[in-house]
Amino acid sequence: MSDKLKDLLQNGPIAINIGIFDFAETLKIQGVEVIHLNWSPPAGGDPELIELLDQLL
Amino acid sequence: MNDIKQKIDMANAEAVKRINEADPVLVDIAPAGEVIPGLKDRMVLHSGPPVTWPNMCGAQRGAMIGAVLFENWAGSVDEASRLLENGIIRFEPNHHHQAVGPMAGTISPSMPVWVVENRTFGNRAFCRQVEGRQQFGDYSDSALEGLRQWRDIWALSLRKGLLGMGGLELRPIIAKALTMGDELHNRPVAASSLFANGLVGPMLEAGVEKGHLLSTINYITKHELLFLGLSMAAGKASVDPAAGIEYSAVVIAMARNGTEFGIRVSGLGEEWFTASSPRINGLYFPGYTEKDAGADMGDSAITETAGWGGLVLAGATGILSLVGGTPEEALAYSKEMRQITVTMSSSYRMPVFGFQGAPLGIDMRKVVQTGITPIIDTAIAHRNPGYSIIGAGLVRAPMECFKKALLRFGQKYGVK
């Protein structure tokens, strides 16, 4: 068993949360170490605007 | 990179180059009717995009009534309302006349305005006096007395001094104030002091009568928001040459009338892209709550359009006691604004970021892509006519304006 795997089993994972902050908060409350990354889909996920932005930006 | 992306990037570069090269100089303080193009008799200019009397918010209606009474076009509030309602007194947006005005933004012909000339391009812009009563909708006689003193004493004295000194360069004052804790919108305290320092001597030299001189010195040394009218005129004079550049996605106006928030984009001509004026997240003066508040209002977001105000909040943490928030949030706002702007200013720098330039040139494409809308410092007016300022705070420009502009941009330039 590799050291990395041992470390994972002994100390537990570190979660990376992308997007909705509440998910990170819930894990934190349960004692899980979380790295949160602020992210949202381009143009709020609107397909028409995303298509337009693909051509303009 | 495809052809259109290249064209947009080149057009944006030209737009911010012109803003960067601006050299705003205060050249006069003159009655609006004598200097503002197209401002006729029986006409009042107002802030924001066009609006009709039935749709006008309470505070702007109050300020319009105040302007009509100030001009002696009516003898009572009822008569003033009737003249405005019946179209006998016309009203148009400041931005359609090279002008800007804080809050309700009302400019009537006999009000003296700051006249700022952009010496690089030769264009002029105008802004009215900043005060905390009539422009918020208070039409009482004591509120109008402030306008009369500005017209009959302070503006005349300052004009005499200013003309004697041959104008006052504003770029050095703005640049210095940004290193002294100002953001030039809700906090122009350092700039106001620098302005007062610069005008007292010339007023003395010009022989301003002693009573007027003392009254004017008292006014300019105690009015912390005095320079806002100058930063607004300087912002307008600086940004206007960047208008009308084909393919540019740079925002060249953000303005609110308390009913609608509107933006204009360089490559989209004179069209306004509007959404409902947002509610303000702010702090209130004693006796008032958010239930009393009107929606966001004023042309003062020209300061953010020029790259100051909320965009440089990180360097003006002193303002947070007025608008709310923490220094960490202020730093985050300014960092965030870099994600939606084209470049950094070469004239106006921020000590807090190692003297890097202020974020400059809001690109409406980036706003839609990132979901980050410009942050704006603002004041709060009452929802009903007849009140003075009731608070101050922060507000975000509504995303809907930028989405509408992007769709029109695609339409205009043949991108589906």
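Modeller: Helices are DSSP runs of H or I with at least four residues, and strands are runs of E with at least two, both numbered from the N terminus. The model discussed here is predicted. In these terms, L184(B) is found in the loop between α6 (171-178) and α7 (189-205) of chain B.

Biologist: Why is L184(B) called buried?

Modeller: Buried means under 20% relative accessible area. L184(B) has 0% relative accessibility, and therefore counts as buried. Its phi is near 70°, a positive value in a residue other than glycine.

Biologist: Why is N72(B) called exposed?

Modeller: The relative accessible area of N72(B) is 66%. The term exposed applies over 50%, so N72(B) is exposed. This residue lies in the loop between α3 (58-70) and α4 (77-85) of chain B. Phi of N72(B) is near 60°, again a positive value in a residue other than glycine.

Biologist: How do you know that the span of helix α12 of chain B is close to the expected one?

Modeller: Helix α12(B), residues 327-338, has twelve residues.

Biologist: What makes the buried residues of α12(B) lie on the same side?

Modeller: The buried residues are A330(B), Y333(B), S334(B) and M337(B). They cover an arc of only 90° around the axis, so they are on the same side of α12(B). These residues pack against α11 (320-323), β13 (341-350), β14 (356-362), β15 (375-380) and β16 (391-396) of chain B.

Biologist: How many residues does each chain bring to the contact between chain B and chain A?

Modeller: Chain B contributes 16 residues and chain A contributes 13 residues.

Biologist: What makes an area a way of stating the size of an interface?

Modeller: The size is often given as the accessible area lost when the parts come together. Chain B and chain A bury about 1300 Å² between them, with 69% of it on carbon and sulfur atoms. Across this interface the rule finds zero salt bridges.

Key. Residues are numbered from 1 along each chain as its sequence is written. Chains are lettered from A and ligands numbered from 1 in the order in which they are written. This is a predicted model: local features need pLDDT of at least 70, side-chain atom pairs count only at pLDDT 80 or more; totals for chains, interfaces and linings use all residues. Side-chain values use heavy atoms; hydrogens and water are left out. The expected span of a helix is 1.5 Å times one less than its number of residues. Buried means under 20% relative accessible area, exposed over 50%, partly exposed in between (1.4 Å probe, protein chains only). The arc is that of the directions from the helix axis to the C-beta atoms. Contact means heavy atoms within 4.5 Å. Buried area is the accessible area (1.4 Å probe) that two parts lose on being put together, summed over both. A salt bridge is a side-chain nitrogen of Lys or Arg within 4 Å of a carboxyl oxygen of Asp or Glu.
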